[in-house]
Amino acid sequence: MTEAVSKAGRWIDLANPTRFINFAGIVLPWLVGITLLVLAAGLWMSFQAPDDYQQGSTVKIMFIHVPFAWLSMMCYTVMSISAIGTLVWRHPLADVSAKAAAPIGAAFTALALITGSLWGKPMWGTWWVWDARLTSVFVLFLMYLGIIALTRAMDDAAKSSKATAILTLVGFINIPIIKFSVDWWNTLHQPASVIRMGGPTIHPSLLWPLLVMAVGFTLLFFTLHIMAMRNEIWRRRVVAMRRIAARSAERRGV
Amino acid sequence: MTHTAFVLASYGVSIAVLVALVGWILIDQRTQRLALQELETRGVRRRSEARTDNAS
């Protein structure tokens with residue numbers, strides 16, 4: 001019991017912006033190192049992996065396309081949890097987390113769409129189809145752009161945080177739609193082959209590079225997210241300090 | 001039939017986008033650090049820091 005309380009206490013301590021900056025300073029060098037190592041191992045495994053008997057060498061696109069697609073949804077989930085933090089606990093760090101994650105999520109979603117398109121042309125014979133999976137991911141990309149615009153639309157971060165949190169939570173409905181679109185509708189995009197009932201259907205020689213790359217890109221996401229959160233905290237401090245400086249200059253003027 | 005061009009294009013675009021993203025975050029980091037340093041050298045303190053200064 002006491003241990004649980006002290007554990008919760010530790011997490012609340014971390015939610016203090018100053019403590020978060022100290023935590024980021026300690027964790028980031030390690031995280032950068034581990035991310036680079038795992039991504040290097042993943043890339044090496046990807047290029048060592050055999051060609052697929054049907055897809056040929058384009059299976060190598062899957063080693064980046066699938067992690068990007070997973071991360072596009074994970075990033076939105078992180079933002080939705082942050083949105084709950086903003087609405088329920090009104091914690092400023094939750095808004096910082098959501099704002100910092102949005103551009104990273106948009107980049108991963110754009111990459112999932114681009115690499116998917118580059119795989120689709122040789123394998124399907126088309127760059128794009130408006131099937132349920134592709135369209136719902138495109139909607140996710142547009143939602144990221146909307147959230148990025150909204151978080152930067154107002155000078156005062158406190159004003160946009162609530163609206164952003166509500167929009168993010170409303171948009172979360174798209175995440176299960178993306179995940180199950182391939183089961184609910186007749187799509188050109190294939191159904192799940194890794195995270196599915198009955199285990200993955202991919203041969204281990206192709207599954208392992210994919211999983212290592214997925215871990216590497218997930219680490220990259222968290223590294224960039226912590227860096228972007230720290231930047232956002234600093235940006236808010238700069239704004240607050242400039243206001244204080246302006247006010248005291250005004251008082252001196254009087 | 002070879003699909004090497006599609007594979008290379010995928011990895012190329014991904015590297016370009018990720019380098020741009022990391023670069024943008026690093027530039028932002030530098031901008032905010034310099035702005036904070038400049039304010040601190042001007043003697044501007046945050047309210048919480050000012051309070052601690054008064055208390056001690």
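Buried residues make up 14% of the 56 residues in chain B. A residue is buried if 20 or more other C-beta atoms lie within 10 Å of its own, exposed if 12 or fewer, and partly exposed in between, with C-beta atoms placed from the backbone. This is a predicted model, in which local features need pLDDT of at least 70, side-chain atom pairs count only at pLDDT 80 or more, and totals for chains, interfaces and linings use all residues. Residues are numbered from 1 along each chain as its sequence is written, while chains are lettered from A and ligands numbered from 1 in the order in which they are written.

## Exercise 1: the chains

Task. State how many helices and strands chain A has.

Solution. 
- Chain A has eight helices and zero strands. Helices (H or I, at least four residues) and strands (E, at least two) are DSSP runs, numbered from the N terminus.
- The order from the N terminus is α-α-α-α-α-α-α-α.
- Chain B has two helices and zero strands.
- In chain A, 36% of the 254 residues count as buried.
- The C-alpha atoms of chain A fill a box of roughly 80 × 40 × 40 Å along the principal axes.

## Exercise 2: α4 against α5

Task. Describe how α4(A) and α5(A) pack, giving angle and axis distance.

Solution. 
- Two packed helices are described by the angle between their axes and the distance between the axes.
- Helix α5 of chain A covers residues 132-151. Its axis and that of α4(A) are 9 Å apart, at an angle of about 150°. Axes are lines fitted to C-alpha atoms, for helices over the stretch in contact, and angles run from 0 to 180 degrees between N-to-C directions.
- That makes α4(A) roughly antiparallel to α5(A). Angles under 35 degrees count as roughly parallel, over 145 as roughly antiparallel, 65 to 115 as roughly perpendicular and the rest as oblique.
- The contact of α4(A) with α5(A) has 14 nonpolar, three polar and one charged residue. Ala, Val, Leu, Ile, Met, Phe, Trp, Tyr, Cys and Pro count as nonpolar, Asp, Glu, Lys and Arg as charged, and the others, Gly among them, as polar.

## Exercise 3: α4 against α8

Task. Decide whether α4(A) and α8(A) are oblique or roughly parallel.

Solution. 
- Helix α4 of chain A spans residues 92-124, and helix α8 of chain A spans residues 204-253.
- Their axes come within 8 Å and cross at roughly 125°.
- The two helices are therefore oblique to each other.
- By class, their contact has nine nonpolar, two polar and two charged residues.

## Exercise 4: the core

Task. Find the residues that touch the most other members of the largest nonpolar core.

Solution. 
- The core has 57 residues. It is a set of buried Ala, Val, Leu, Ile, Met, Phe, Trp, Tyr and Cys residues joined through C-beta atoms within 7 Å.
- C75(A), M79(A), A101(A), I104(A) and F108(A) touch the most other members.
- At least two residues each come from α3 (59-89), α4, α5 and α8 of chain A, and from α1 (4-41) of chain B.
- Leaving out residues up to four places away in sequence, F108(A) touches F68(A), L71(A), S72(A) and C75(A). Two residues are in contact if their C-beta atoms, placed from the backbone, lie within 7 Å.

## Exercise 5: a loop residue

Task. Place D131(A) in chain A.

Solution. 
- D131(A) sits in the loop between α4 and α5 of chain A.
- D131(A) is partly exposed, because 15 other C-beta atoms lie within 10 Å.
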